[in-house]
Amino acid sequence: MATEPARLELLSALARKVLWLSSWTIHHANHIRPNADGLKVGGHQASSASLATIMSALYFSVLRPQDRIAVKAHASPVFHAIQYLFGRQTRDKLENFRGFKGAQSYPSRTKDTDDVDFSTGSVGLGVAQTLFCSLVQDYVKAHGWMKDRPEGRMIALVGDAEMDEGNIFEALLEGWKHGLRNTWWVVDYNRQSLDAVVREGLWEKFESMFRNFGWDVVIVKYGRLMRAAFAEPGGEALKRWIDSCPNAMYAALCFQGGAAFRKHIRDEIGDQGAVSQLIERRSDDELLALMSNLGGHDMASMIEAFESIDHDRPVCFIAYTIKGIGLPFQGHKDNHAGLMTVSQMEKWRTAQNIRPGHEWEKFEGLSQEPAALEAFLADAPFNRDNQRRLSAPVIDVPERLSFKPSPQMSTQQGFGLVLNELARGDTALASRIVTASPDVTVSTNLGAWVNRRGLFARAEKADLFRSEKIPSTFNWDFSPKGQHIELGIAEMNLFILMSALGLSHTINGERLLPIATLYDPFIERGLDALNYACYQDARFMVAATPSGITLAPEGGAHQSIATPLIGMAQDGLASFEPAFVDELAVIMGWGFQHMQHEAGEGGSVYLRLSTRTLDQPLRMMTPDLQKGITDGAYWLREPGENCEAVIAYTGAVAPEAIEAIGLIGESRRDVGLLAITSADRLHSGWTAARRMRRHRRGLPHLSHIEKLLAPLPRDCGIVTVIDGHPAALGWLGSVRGHKVEALGVEHFGQTGTIGDLYRHHGIDANAIIDAAEALTAGAPVRHRKMAV
Ligand SMILES: Cc1ncc(C[n+]2csc(CCOP(=O)(O)OP(=O)(O)O)c2C)c(N)n1
Ligand SMILES: [Mg+2]
């Protein structure tokens with residue numbers, strides 16, 4: 001173990017190297033191997049530089065392998081440089097920074113190869129993810145699954161302007177409710193964002209807010225040089241001047257350099273003898289070094305701050321920094337997109353003692369012994385365990401998920417029944433399910449599950465109504481064994497929690513099977529978090545209900561129109577919209593397996609459910625039917641040989657489609673009824689088959705939908721109908737060139753009964769018949785549904 005001064009010297013040298021390598025990576029991408037499109041990499045050089053010291057302190061000394069880190073998006077080059085020094089990143093990927101398959105501009109858990117813990121890029125999400133990851137670790141621990149694994153700290157490196165993102169505050173509140181531990185947020189307080197210099201005194205707002213939520217706050221404002229200077233005669237006055245200097249002015253002076261600082265300090269406080277002497281004792285360069293020695297750039301101060309934490313309460317570090325420190329545009333308000341010119345880089349290279357052609361060498365230009373640096377890196381605690389990505393065995397999913405059948409049910413009800421059956425049993429599957437809902441647990445039918453499995457909290461808390469013997473349908477006991485995580489209303493939190501739970505197998509080595517319930521329209525409220533959860537390959541199931549306009553009198557404001565398209569377009573999410581509960585049970589069983597498949601094969605699952613009660617079919621669940629349901633469609637009524645019209649429906653409009661088929665049957669021949677359980681799976685199967693045929697000519701692979709539509713005569717018309725945007729099914733006509741009338745919902749907000757609204761939006765039986773008539777030759781359809 002190196003002595004303290006020696007350790008600090010090695011760490012500072014490595015931090016300088018990290019700054020060099022990260023800047024060189026960006027420079028290389030812009031000037032040496034620029035992409036053909038000529039786009040420059042803005043945003044990174046200045047933004048990365050802020051964090052070179054802090055991240056070096058963390059990765060080379062403070063972090064342990066069990067810690068997990070969300071790196072501020074624009075500090076990606078710094079992260080990659082650190083991993084390069086550790087030997088986990090290749091020169092080729094750095095030379096190809098932001099190029100095809102090169103190191104990513106924003107750290108990516110799935111696309112980068114150097115052990116990124118959390119994908120960042122949409123600012124705010126990574127920050128909250130660390131908080132929820134810590135809660136998940138507590139969950140795993142409370143359930144007795146941590147074994148002898150030490151608790152990790154979940155750490156976010158946060159831009160100060162990133163703190164504007166509301167989802168961070170939503171998470172903060174949730175963390176407080178759940179007794180958050182083991183979470184560190186390090187705010188890179190460079191007082192600059194993309195466009196602007198941040199408001200004066202922002203740190204005070206942060207400080208009081210974090211303290212309010214029970215966090216420890218550590219402000220790291222002055223580096224060691226500064227602190228030494230403050231102890232000199234006149235130092236107090238200098239400190240007062242620094243403290244009162246407006247952010248914009250301080251930034252501007254950092255940009256202008258030592259002489260400008262001297263002039264300003266002289267003009268403002270220079271008549272006080274001791275201060276003048278203090279600054280006169282220093283050359284311009286020395287004065288600039290002193291004035292830019294803010295805490296976040298001072299290795300000793302950062303190490304001291306991190307090592308001073310001797311508790312597991314959450315901590316917010318506010319580290320003062322200068323954006324672009326050490327680079328020619330440090331502090332300049334326009335520096336976000338700032339890039340060093342070739343000649344500036346040349347000058348800086350010379351100053352760093354780096355020989356041309358040796359830019360990528362790990363220790364080039366450092367005066368320390370390479371062997372000592374190498375040994376120090378090898379010995380970094382973070383580096384001691386190469387297995388930071390864990391895995392967990394697959395949990396068995398029973399052949400068939402059962403539920404208590406009833407002749408009439410909604411899919412939402414069915415969802416509750418399937419979970420209730422799971423809760424009653426003692427399968428491994430049930431023990432690994434974790435549910436969460438943004439304050440709609442009961443209204444999305446999770447109540448029965450929660451009654452049986454209980455709510456999660458680290459400390460027991462009995463349901464007061466129950467202990468007071470007040471009759472209530474619900475038993476809301478909290479305990480460390482509980483399996484439902486109660487959340488407030490914020491949907492962003494729901495999806496970030498899903499992301500954290502859904503990565504547990506790789507972070508904690510213990511598999512969880514998370515299920516989120518929420519109202520379907522509010523998927524849009526949490527969409528970015530949902531997208532990032534999928535992007536990190538977290539695995540979870542979303543049951544969204546009620547959906548569409550079918551919630552009818554519940555109100556126009558809660559309708560969802562776009563969600564079927566979101567379900568189709570969201571990468572990593574298989575979407576389903578069953579009409580009947582036996583379909584749903586099959587899909588959920590398939591879903592629990594899909595959630596556990598290897599990367600690239602499995603993914604998350606979205607169930608778009610409804611509150612509409614439908615007559616349930618009495619039928620045997622054959623393997624063929626089961627496969628049709630999970631592949632996305634099956635014939636509820638097979639089309640005949642001379643089929644003139646097909647009605648293809650999804651979800652809650654099944655009764656209208658069935659009724660229309662009955663009425664059309666007398667006027668059109670051999671009509672077919674196609675039940676579509678997943679437009680998403682059908683469509684992706686179809687595009688995949690086409691791609692395969694293009695690439696491997698001659699292979700007769702047909703997708704499920706192609707096979708289903710193959711027997712239809714050319715001039716058969718297809719009417720599609722969904723309680724959602726019509727484009728979700730409108731593409732069916734392209735599969736084999738059939739004419740299509742796509743019915744669906746395009747306008748938001750009208751309230752009424754289901755009958756009123758289906759008629760209004762043209763998705764009722766008569767609208768389906770009209771559409772079929774328009775598509776097909778022959779006499780008008782004789783029958784219409786009678787108005788009720
Ligand atoms: C959700 C989202 N909105 C906007 C952006 C574009 N953007 C990237 S960085 C940034 C501001 C950065 O300021 P700060 O967090 O203080 O980091 P700094 O550049 O100072 O290091 C913005 C607006 C983004 N990446 N994500
Ligand atoms: Mg900033």
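Lys101 counts as exposed, because its relative accessibility of 62% is over the 50% cut-off. Keep in mind as you read on that this is a predicted model. Lys101 sits in the loop between α5 (91–95) and α6 (125–142), and its phi is positive, about 65°, although it is not a glycine.

For context, most residues other than glycine have a negative phi, and most peptide bonds are trans. A second residue to look at here is Asn445, which has a positive phi of about 75° and is not a glycine either. You will find Asn445 in the loop between β7 (433–438) and α20 (447–453). Asn445 counts as partly exposed, with a relative accessibility of 29%.

There is also a peptide bond worth checking: the one from Thr545 to Pro546 is cis, with omega near -5°. Pro546 belongs to the loop between β12 (541–544) and α25 (563–569).

## The five-stranded sheet

Now to an open sheet, whose five strands pair in parallel in the order β1-β2-β3-β5-β4. The edges are taken by β1 (68–70) and β4 (216–220); each has a single partner strand, so one side of each lacks a neighbour in the sheet. From one strand to the next, the twist averages 15°.

What joins β4 to β5? Five bridges do, between strands that run parallel, with β5 covering residues 315–320. Within this pairing, Asp216 stands opposite Val315 in β5.

Helix α8 (residues 202–212) lies across β3 (183–189), β4 and β5, and runs at about 155° to β4. Which residues of α8 are buried? They are Leu202, Phe206, Glu207, Met209 and Phe210. The elements that cover these buried residues include α7, β3, β4 and β5.

An α-helix has 3.6 residues a turn, so residues three or four places apart point the same way. That is a handy rule to hold against the buried set, which includes Leu202, Phe206 and Phe210. After α8 comes Gly214, with a positive phi near 85°.

## The magnesium site

The magnesium ion (ligand 2) is coordinated by Asp160 through OD, Asn190 through OD1 and Gln192 through O, at 1.9 to 2.1 Å. Along the chain these donors follow the spacing D-x29-N-x1-Q. The pair Asp160 and Asn190 links distant parts of the chain, 30 residues apart. Asp160 comes from the loop between β2 (154–159) and α7 (166–177), while Asn190 comes from the loop between β3 and α8.

Are these two residues buried or exposed? Asp160 counts as buried because its relative accessibility, 2%, falls under the 20% cut-off. Asn190 is buried too, with a relative accessible area of 7%. If you compare these values with your own, note that the accessibility takes in protein chains only.

## Around ligand 1

How many residues surround ligand 1? There are 18, and the closest are Ser47, Lys72, Asp160, Gln192 and Lys323. Asp160 and Gln192 also coordinate the magnesium ion (ligand 2).

Some polar contacts can be picked out. An oxygen atom of ligand 1 is 2.4 Å from an N or O atom in the side chain of Lys72. For the side chain of Ser47, the distance from an N or O atom to a ligand 1 oxygen is 2.7 Å. Ala161 takes part through its backbone, where a polar atom is 2.9 Å from an oxygen atom of ligand 1.

Technical notes. Residues are numbered from 1 along each chain as its sequence is written. Chains are lettered from A and ligands numbered from 1 in the order in which they are written. This is a predicted model: local features need pLDDT of at least 70, side-chain atom pairs count only at pLDDT 80 or more; totals for chains, interfaces and linings use all residues. Side-chain values use heavy atoms; hydrogens and water are left out. Two strands pair if DSSP finds at least two bridges between them. Helices (H or I, at least four residues) and strands (E, at least two) are DSSP runs, numbered from the N terminus. Axes are lines fitted to C-alpha atoms, for helices over the stretch in contact, and angles run from 0 to 180 degrees between N-to-C directions. Contact means heavy atoms within 4.5 Å. Donors are N, O and S atoms within 2.8 Å of the metal (3.2 Å for Na, K and Ca); water is not among the atoms, so sites may look incomplete. Buried means under 20% relative accessible area, exposed over 50%, partly exposed in between (1.4 Å probe, protein chains only). A residue is near a molecule or strand if one of its heavy atoms lies within 4 Å of it. A polar contact is a pair of N or O atoms within 3.5 Å; within protein, one must be able to donate a hydrogen and the other to accept it, and residues adjacent in sequence count only if both atoms are side-chain atoms.
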